[in-house]
Amino acid sequence: MPTLGNPQHTIEIIQKHKFTFQKKFGQNFLIDTHVLDKIIQAAGVTKEDMVLEIGPGIGTMTQYLAEAAGRVVAVEIDGSLIPILQETLAGYDNITLIHDDILKVDIRALAHRYNGGRPIKVVANLPYYITTPIIMGLFESHVPVDNITVMVQKEVADRMQEGPGSKDYGALSLAVQYYAQPYIVANVPPNCFIPRPRVGSAVIRLTRHPAPPVQVQNPGLMFTLIRASFNQRRKTLQNGLTNSPEVPYSREQIAAAIEQMHLPPAVRGETLTLEQFAQLANVLPEIPGIPPLHACIQ
Ligand code: SAM
């Protein structure tokens, strides 16, 4: 059974190893067993699964994952946590610990090696400074993923889940929703962590779509249009796209496309759905040189 997960045990381990928290690694360790149970349950982890855990810290969630999963591969950047993890995870034989930067790890190769290339689950209390590159990297590098269940900043979870009409709706919402179905599982207050983060957190599950929910000939162009629209979200779609150096179309070509979609000329980009952005990309003339994919959302 997990031995970590409450404040007392976490403090004991930290003191025993004279561990000092490193702000630059986004270290806020979970100390609430209810939240831990909820994450494992929301991810639907079974003994059939390989789970990738990003940033195991002192191994609190890793212990819970090891109880539920077939195999856990945990990637931790901070070398001073490795001896602690070797101690706290010593009782488990289904954990592979990797000391590396997750942004430099070939996750597809890990899925191949430890799960025969079958879809993996990703579960993490993410370091908040790299939430978006981690999530978009998992989607865009074609890692076989079933779902991603992660603790993120509350505001970021809201942005991932929102649709048109919300102030939180933006390029991140559309990029995430192109690849997955988001669902906010729980809001988590700062007192569930040591040290307490300054912001509220939320657990969000992103269930990968078997196929994208919209048909778009050039997803790279669609994401270029999305980025340009939200970079100047107070402007009309027409002006936002015309002013953007990234968008390779004339004012006339953009106006014609907006008209072809039966949208009012003064429509704002922030009111368009994913389906409408896909349609816009499809009605604009094809131009060589736009990279085929990459939402490039930071
Ligand atoms: N999973 C633990 C928990 O819930 O208590 C720790 C979560 S803490 C928010 C984030 C963890 O990610 C830390 O252990 C930190 O050292 C690690 N980390 C930060 N950047 C990383 C990176 N680029 N690659 C791998 N791990 C990273």
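## The sheet

Seven strands make up an open sheet with mixed pairing, arranged in the order E4-E3-E2-E5-E6-E9-E7. Strands here are DSSP runs of E with at least two residues, helices are runs of H or I with at least four, and both are numbered from the N terminus; two strands pair if DSSP finds at least two bridges between them. Strand E4 (95-99) and strand E7 (180-188) stand at the edges with a single partner strand each, so one side of each has no neighbour in the sheet. On average, neighbouring strands are turned by 20° against each other, direction ignored.

This is a predicted model, in which local features need pLDDT of at least 70 and side-chain atom pairs pLDDT 80 or more, while totals for chains, interfaces and linings use all residues. Residues are numbered from 1 along each chain as its sequence is written, and side-chain values use heavy atoms, leaving out hydrogens and water.

## A closer look at E2 and E3

Strand E2 (residues 50-54) runs parallel to strand E3 (residues 71-76), and five bridges join them. Isoleucine 54 stands opposite valine 75 in E3.

Asparagine 125 has a side-chain N or O atom 2.9 Å from an oxygen atom of the ligand. A polar side-chain atom of glutamate 53 lies 3.3 Å from a ligand nitrogen atom. The protein covers 99% of the 590 Å² of accessible area that the ligand has on its own (Shrake-Rupley method, 1.4 Å probe).

How values were computed:
Axes fitted to C-alpha atoms, helices over the stretch in contact; angles between N-to-C directions. Polar contact = N/O pair within 3.5 Å; in protein donor to acceptor, adjacent residues only side chain to side chain.
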